[in-house]
Amino acid sequence: MPVDTDLEGFRTEVRAFLCDRLPVDLRRKVLDHQRLEKQDFLRWHQILHERGWVAPNWPKEHGGAAWDIGQRNVFDEECALAGAPETVPFGLRMVAPVIMAYGSAWQKSHFLPRILSGQDWWCQGYSEPGAGSDLASLSTRARREGDTFVVNGQKTWTTYAQYADMMFCLARTDPDAKAQEGISFLLIDMRSPGVSLRPIRTLDGGDEINEVFLDDVVVPATHLVGEADRGWTYAKYLLSHERFGAARVGRAKRELGHLQRLAAQRVVDGVTLADDPVFAHRLAQLEIDTLALEQTNLRLIARDQRGAGHGAEASILKYLGSTLAQRISEALVDTAGSHALAYQSLALERDYEHGEPTMEEALEAMPGFYLNLRKISIYGGTDEVQKNIIAKLALGAADDYSDDERALDDAVARYLQGEYPAPAGRPALPVDADPASSPHWRTFADMGLLGLGLPAAAGGMESALTDVCVLMQQFGRHLVTEPYDASALLCGQLLALMPDGGTVHRLLAGIAQGSAAPVLASAGPRSEWSLDGEGVTAERQGEDWILNGVKRRVPFGAGARQLLVTARDAQGVGLFLVEAEAHNVMPGVTRQGAVGVDGRSYADITFNGCRVPDAARLGEVGNALEQAADTTRIALCAEALGAMQALLDATREHTDARRQFGRALSGFQAVQHRLVDMLLVLEQARSLTWTAARADTADARLRGRLVSAAKARCGEAARYISQQSIQLHGGMGMTDELPVGHYVKRLLAIEYTLGDTRHHLNRYQRLARA
């Protein structure tokens with residue numbers, strides 16, 4: 001996301017506050033995964049209250065900080081990274097917004113100041129033995145008697161009820177009403193006669209959750225929030241506040257950092273875990289996933305601020321954040337190895353009298369953190385409930401464009417929808433056809449598309465890479481086969497980085513005008529995706545250069561009239577131009593083309609004494625080829641996003657239309673959840689792609705890491721979405737008659753262009769350690 005200078009200034013302010021006011025002992029307990037007691041939470045609550053920051057989402061009229069969602073995100077992230085305790089949500093972020101929205105004037109004046117000061121500690125009375133995520137099934141009853149309600153029933157999984165002064169509670173006040181009707185929202189004093197508790201021991205040995213028994217508990221009618229029998233409305237409002245911010249990006253980054261430090265120190269089988277290939281691969285995946293979560297969080301926040309949200313953003317973030325946190329905790333407990341066998345609950349209640357924990361003690365405590373974190377995919381709505389919400393609200397295409405990007409997207413979409421044939425009705429071009437001969441290639445030039453990223457001096461538009469990504473997403477949706485990526489992007493970007501000269505200028509102008517479509521011959525017989533000129537050598541002979549060797553799998557290489565060839569010469573790796581003569585003949589060059597998996601042509605090219613003039617050596621490749629390749633990789637990721645979105649849309653439409661066992665396939669929860677899983681991997685791939693597209697080209701190492709993260713994640717997402725789409729289409733998904741198969745094959749080709757998932761995971765790790 002673009003840097004917001006105001007937010008960065010706020011971030012600096014928050015960091016300074018944390019450095020100055022966060023107690024060392026509290027920070028140590030949080031970072032060591034120790035259990036926190038009531039006084040720990042209250043101490044931090046008071047510190048924030050003194051600063052005016054304890055209620056970030058409250059309006060100023062009630063004593064809150066009135067921060068926008070961006071500021072709240074920064075604050076939560078910095079607090080987590082610093083090791084600050086999380087504020088207990090039940091009063092500040094859950095019941096308080098309900099009281100503000102639906103409470104009486106007395107409730108606002110009485111309860112809100114006590115919540116703000118920390119005088120009242122609240123707990124939540126929602127779940128029951130027979131009503132977990134399905135709150136409408138609750139059976140706790142509240143009988144109206146004059147100016148009071150008499151409550152009978154049982155609540156369970158009630159976190160910190162042993163500390164609570166008050167409980168907000170859902171109780172059925174009209175037993176004859178439908179399931180989601182007849183429920184009221186009551187505020188119950190936990191010190192009332194008839195309230196009793198039973199602690200529940202959790203997997204880690206703690207007792208933070210409880211059963212609460214309500215036996216003839218008398219509640220004043222003044223403690224009824226809003227109207228009787230409308231509690232379900234208030235409960236849904238509360239849950240929306242509970243789930244927003246649930247991605248917990250700061251916690252994920254903090255625990256990932258802890259994992260990285262442990263992996264660098266922990267020696268197993270003679271090497272550190274950081275140097276173990278299997279564990280290092282796992283670390284890289286978690287790093288990429290954490291980056292994806294962070295950027296998805298920012299994207300969805302920005303979407304919400306623009307009013308373009310679909311209502312399921314909070315559920316997406318809750319699910320992704322919970323899943324990632326649990327996976328990091330799994331990796332942390334795996335660092336413990338056999339030390340995990342020694343775990344005891346007291347390991348999470350260290351007194352620090354003998355100083356900091358040893359490595360062995362830290363490892364022995366790790367199972368407790370892992371076991372405790374199993375809860376986060378359950379509370380606040382289970383993962384399955386979140387998927388149900390996402391399936392209902394969020395399976396359409398995302399809208400993350402600016403006005404200018406949307407105008408470009410609309411223009412390209414109109415042309416492709418009206419003029420570009422679907423794969424089934426598209427005539428196949430001969431493998432030796434010149435790609436520049438396509439009528440669409442010339443139209444793309446007339447629309448200014450071929451010159452989007454090229455220099456203005458050569459007739460280009462010098463547009464941002466994000467504009468190219470907008471274009472490529474539409475190309476992906478419509479399965480455009482013209483060599484935009486191979487020619488206009490890869491060759492165009494490479495030429496733009498070469499020393500300025502007449503030949504380079506002519507080629508760039510030709511690309512922008514649509515009269516030329518050069519392609520790059522880079523991969524040799526022994527290389528997959530190395531960019532070191534392997535396969536062809538160049539030797540001086542008088543005023544000319546002689547090229548000898550072989551290049552493999554050159555896209556459109558059999559028909560292209562211009563080849564850009566990387567070759568090793570006495571000076572290093574040079575870039576040479578080989579141009580066709582009459583009838584597209586290249587003396588000294590043999591081209592063997594064939595149709596590839598995605599319907600495009602690929603050629604193996606042999607250079608046998610190919611003579612080119614001195615001016616054909618356009619310059620030293622150096623770092624230019626890697627830079628151009630990275631730009632093209634990002635664009636390929638954007639093309640993949642378009643294809644994946646098209647697959648998701650087609651699959652959703654098919655499951656809506658296809659009826660089996662008396663109803664639409666999309667009516668089955670198993671199918672809905674598969675569609676949601678497709679959406680979630682697509683959203684993460686989208687976030688990483690746009691992050692890489694906005695990366696600073698001046699920082700080649702960071703940009704390279706972001707590009708490889710995006711390429712690796714897009715490869716994994718494409719494979720998953722392709723497989724699920726085929727599965728959900730059933731037998732029809734196995735035919736070549738539907739567009740599905742064409743998208744699947746193009747996505748496979750994208751994955752294997754300029755480095756597959758394995759290659760980019762390794763590159764990501766290598767650049768991370770550089």
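In the predicted model, arginine 568 is partly exposed, at a relative accessibility of 36%. Its side chain meets that of aspartate 532 in a salt bridge, with an N to O distance of 3.1 Å. The two residues belong to distant parts of the chain, 36 residues apart: arginine 568 is in strand S14 (residues 562–569), whereas aspartate 532 is in the loop between strand S11 (519–521) and strand S12 (536–541). Aspartate 532 has a relative accessible area of 32%. Because buried means under 20% and exposed over 50%, this value places aspartate 532 in the partly exposed class.

A search of the whole structure returns 61 salt bridges. One of the pairs is formed by the side chains of glutamate 77 and lysine 253, at 2.6 Å from N to O. This pair joins helix H4 (residues 69–82), which holds glutamate 77, to helix H8 (residues 249–265), which holds lysine 253; the partners are 176 residues apart. Glutamate 77 is buried, with 7% relative accessible area, while lysine 253, at 25%, is partly exposed. Both residues also belong to a network of salt bridges that links Glu8, Arg11, Arg15, Glu77, Glu78, Lys253 and Glu294.

A further salt bridge connects glutamate 751 and arginine 719, whose closest N and O atoms are 2.7 Å apart. Glutamate 751 lies in helix H21 and arginine 719 in helix H20 (residues 700–729), so the contact ties together parts separated by 32 residues in sequence. The accessibilities of the two partners fall into separate classes: glutamate 751 is buried, at 9%, and arginine 719 is partly exposed, at 32%.

Helix H21 (residues 739–751) also contains leucine 748. The relative accessibility of leucine 748 is 31%, and the residue therefore counts as partly exposed. Patch residues need over 30% relative accessible area and no salt bridge, and the 31% of leucine 748 is therefore above the accessibility cut-off. Leucine 748 contributes, together with Val597 and Tyr752, to a nonpolar surface patch of about 250 Å².

Definitions and conventions: Residues numbered from 1 in each chain as written. Predicted model: local features only at pLDDT ≥ 70, side-chain atom pairs only at ≥ 80, totals over all residues. Heavy atoms only, no water. Patch = residues over 30% accessible without salt bridge, like charges linked within 9 Å, V, L, I, M, F, W, Y side chains within 5 Å. Areas by Shrake-Rupley, 256 points an atom, 1.4 Å probe, with all protein chains shown as cover. Salt bridge = Lys/Arg side-chain N within 4 Å of Asp/Glu carboxyl O. Helix = DSSP H or I, 4+ residues; strand = E, 2+ residues; numbered from the N terminus. Buried < 20%, exposed > 50% of the residue type's maximum accessible area, 1.4 Å probe, protein only.
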